[in-house]
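Reader: I would like to learn how to read strands and cores in a protein model. Could you take me through an example?

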Amino acid sequence: MPGEVAGRFLMVRAHGWRCALPMGEVIETLRPLPVSPVAGVPSFVRGVSVVRGEPTPVLSLAALMGGAASTEPRRFVLLRVSARQVALEVDEVLGLRELNASELGAVPPLLQGAASGHLEVLGTLDGQLLGALSAARLLPADAWSRLASSGGAA
């Protein structure tokens, strides 16, 4: 994203992180739904929920960024991942924001493993740390396979 117009993002918060989600990947935001845990998936995968009749993996943004999962997430953000969808648990939806490339930067080499490689860019916004995520990088292929074999997601 550096060096180009970044675009329009849905801004969300979980614990101390503010994150930007590309609007092209956002389907909708909704109240949290019941989540059924699934064994053998990464710690940031809270389980599976039925969203609009479709089994959907639920990821904790706070846990994804290296913290503890929120005990009472306030919103799900439903994201498009190719032909699939995932729900991201967040503490707060902050709204829409246009961001330009100068507000975002590449993840520094020392931090490229941070957040398990889920960060696409790391920058600052209004003096606070900002991470930008891509839905395509959130859930590894082996986790999709484990969820599908458990009947939790196609």
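This is a predicted model: local features need pLDDT of at least 70, side-chain atom pairs count only at pLDDT 80 or more; totals for chains, interfaces and linings use all residues.

Reader: Is strand S1 largely enclosed or open, and why?

Author: Buried means under 20% relative accessible area. In S1, residues 7-14, six of the eight residues are buried, so the strand is largely enclosed by the rest of the structure.

Reader: Which strands pair with S1, and in what sense?

Author: S1 pairs with S8 (residues 92-99) in the antiparallel sense, over seven bridges. One of the pairs joins Phe 9 to Arg 97 in S8. S1 also runs antiparallel to S2 (residues 17-22), and six bridges join these two. Here Ala 14 has Trp 17 as its bridge partner.

Reader: What lies between S1 and S2 in the hairpin?

Author: Two residues lie between the strands, and His 15 takes a positive phi near 50°.

Reader: How should I think about a nonpolar core?

Author: In soluble globular proteins, nonpolar side chains tend to be buried together. In this model the largest nonpolar core has 32 residues, and Leu 61, Val 77, Leu 79, Leu 133 and Leu 139 have the most contacts inside it. Elements that give two or more residues to this core include S1, S2, S6 (75-81) and H2 (141-149). Helix H1 gives the most, with four residues.

Reader: Which residues is Val 77 in contact with, leaving aside its neighbours within four places in sequence?

Author: Among them are Leu 10, Val 12, Leu 21, Val 86 and Leu 88.

Definitions and conventions
Residues are numbered from 1 along each chain as its sequence is written. Side-chain values use heavy atoms; hydrogens and water are left out. Buried means under 20% relative accessible area, exposed over 50%, partly exposed in between (1.4 Å probe, protein chains only). Two strands pair if DSSP finds at least two bridges between them. A nonpolar core is a set of buried Ala, Val, Leu, Ile, Met, Phe, Trp, Tyr and Cys residues joined through side-chain atoms within 4.5 Å. Contact means heavy atoms within 4.5 Å.
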